[in-house]
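Hello,

Please find the structure below.

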There are 2 protein chains.
Amino acid sequence: MPTPFEELAALDKLIHEPARLAIMTALSACSAADFTFLQQLTGLTKGNLSSHLQKLEERGLIAIEKRFIGKTPNTQASLTEQGRTAIEQHWQSLDRLRKNAQLIGRLEPQIEL
Amino acid sequence: MPTPFEELAALDKLIHEPARLAIMTALSACSAADFTFLQQLTGLTKGNLSSHLQKLEERGLIAIEKRFIGKTPNTQASLTEQGRTAIEQHWQSLDRLRKNAQLIGRLEPQIEL
């Protein structure tokens with residue numbers, strides 16, 4: 001069984017990238033969020049946010065819906081089931097890492113050569 | 001004040017990279033750890049671990065000490081003060097992000113257009 005550190009070192013870099021981690025985590029908290037909201041939340045430029053959303057969509061982690069509200073175009077993003085599982089597992093890996101780091105601290109006397 | 005999501009999107013990528021996050025988090029749990037221990041812990045190859053440690057050292061986040069134990073060469077890594085502050089702040093940013101994501105979930109009714 002891989003140690004949590006091995007697990008972390010092999011983490012999914014597509015999700016782990018800071019901006020995408022912020023986007024996925026925000027989406028994990030709501031059923032859907034629209035583009036402008038995500039942009040305000042993450043502080044990303046339109047171009048950056050679009051390219052991150054595209055990468056996540058290509059990997060099947062999010063779904064993008066384009067619609068009109070009245071005459072105004074509106075883009076909404078939401079996690080797919082795969083995406084929701086992936087972000088939950090990602091945070092669980094990070095949690096395991098941290099808990100294990102504390103364990104190492106207690107083992108320390110044996111580590112010092 | 002930047003939202004935690006903005007904070008996360010601007011996270012220090014040098015630390016956030018999964019393998020280096022694993023190394024820094026492991027080192028945050030002990031005063032020092034030797035190369036072989038870090039290699040077992042992270043599952044990284046010698047070459048990968050060396051290059052990650054070098055990048056962290058160049059940024060002043062860790063200190064590397066090379067010595068002999070008897071006739072055997074031994075390399076030890078430890079966090080510098082700057083490194084210890086940086087990894088603590090990194091995890092704090094991640095915590096804030098998560099807490100805020102839960103808040104968003106409660107705001108959700110207002111978000112849906």
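**A salt bridge within each chain**

B:Arg59 is partly exposed, with a relative accessible area of 37%. Here, buried means under 20% relative accessible area, exposed means over 50%, and partly exposed is in between (1.4 Å probe, protein chains only). This is a predicted model: local features need pLDDT of at least 70, side-chain atom pairs count only at pLDDT 80 or more, and totals for chains, interfaces and linings use all residues. Residues are numbered from 1 along each chain as its sequence is written, chains are lettered from A and ligands numbered from 1 in the order in which they are written, and side-chain values use heavy atoms, with hydrogens and water left out.

Which residue pairs with B:Arg59 in a salt bridge? The partner is B:Asp12, and the closest N and O atoms are 2.5 Å apart. A salt bridge is a side-chain nitrogen of Lys or Arg within 4 Å of a carboxyl oxygen of Asp or Glu. This pair links distant parts of the chain, 47 residues apart. B:Asp12 sits in the loop between α1 and α2 of chain B. B:Arg59 sits in the loop between α5 (46-58) and β2 of chain B. Helices (H or I, at least four residues) and strands (E, at least two) are DSSP runs, numbered from the N terminus. B:Asp12 is partly exposed, at 25% relative accessible area.

Now look at chain A. A:Arg59 forms a salt bridge with A:Asp12, with 2.5 Å between the closest N and O atoms. A:Arg59 lies in the loop between α5 (46-58) and β2 (62-69) of chain A, and A:Asp12 in the loop between α1 (4-9) and α2 (13-16). They are 47 residues apart. A:Arg59 is partly exposed at 37%. A:Asp12 is partly exposed at 27%.

**Chain A in outline**

Chain A has six helices and three strands. Along the sequence, the pattern is α-α-α-β-α-α-β-β-α. Buried residues make up 48% of its 113 residues. Take the contacts in chain A with a separation of 6 or more: residues 24 or more positions apart account for 56% of them. Contact means heavy atoms within 4.5 Å.

**Helix α3**

Is α3(A) buried or exposed? Ten of the ten residues of this helix (residues 18-27) are buried, so it is largely enclosed by the rest of the structure. Among them are A:Pro18, A:Arg20, A:Met24 and A:Leu27. At the start of α3(A), a side-chain oxygen of A:Glu17 reaches to within 2.9 Å of the backbone nitrogen of A:Ala19.

α3(B) is mostly covered, with ten of its ten residues buried. They include B:Leu21, B:Ile23 and B:Thr25. B:Glu17 caps the N-terminal end of α3(B), with a side-chain oxygen 2.9 Å from the backbone nitrogen of B:Ala19.

The contact takes 44 residues from chain B and 44 residues from chain A. Of the interface residues of chain B, 100% are also interface residues in chain A, so the copies meet through the same surface. The two chains bury about 3600 Å² between them, 67% of it on carbon and sulfur atoms. Buried area is the accessible area (1.4 Å probe) that two parts lose on being put together, summed over both.

**Salt bridges between the chains**

How many salt bridges does the structure hold over all chains? There are six. The count between chain B and chain A is four. One of the salt bridges joins B:Lys13 and A:Glu17, with the closest N and O atoms 3.1 Å apart. B:Lys13 lies in helix α2 of chain B and A:Glu17 in the loop between α2 and α3 of chain A, so the pair joins two chains. B:Lys13 is partly exposed at 49%, whereas A:Glu17 is buried at 14%.

Best wishes

Key:
A polar contact is a pair of N or O atoms within 3.5 Å; within protein, one must be able to donate a hydrogen and the other to accept it, and residues adjacent in sequence count only if both atoms are side-chain atoms.
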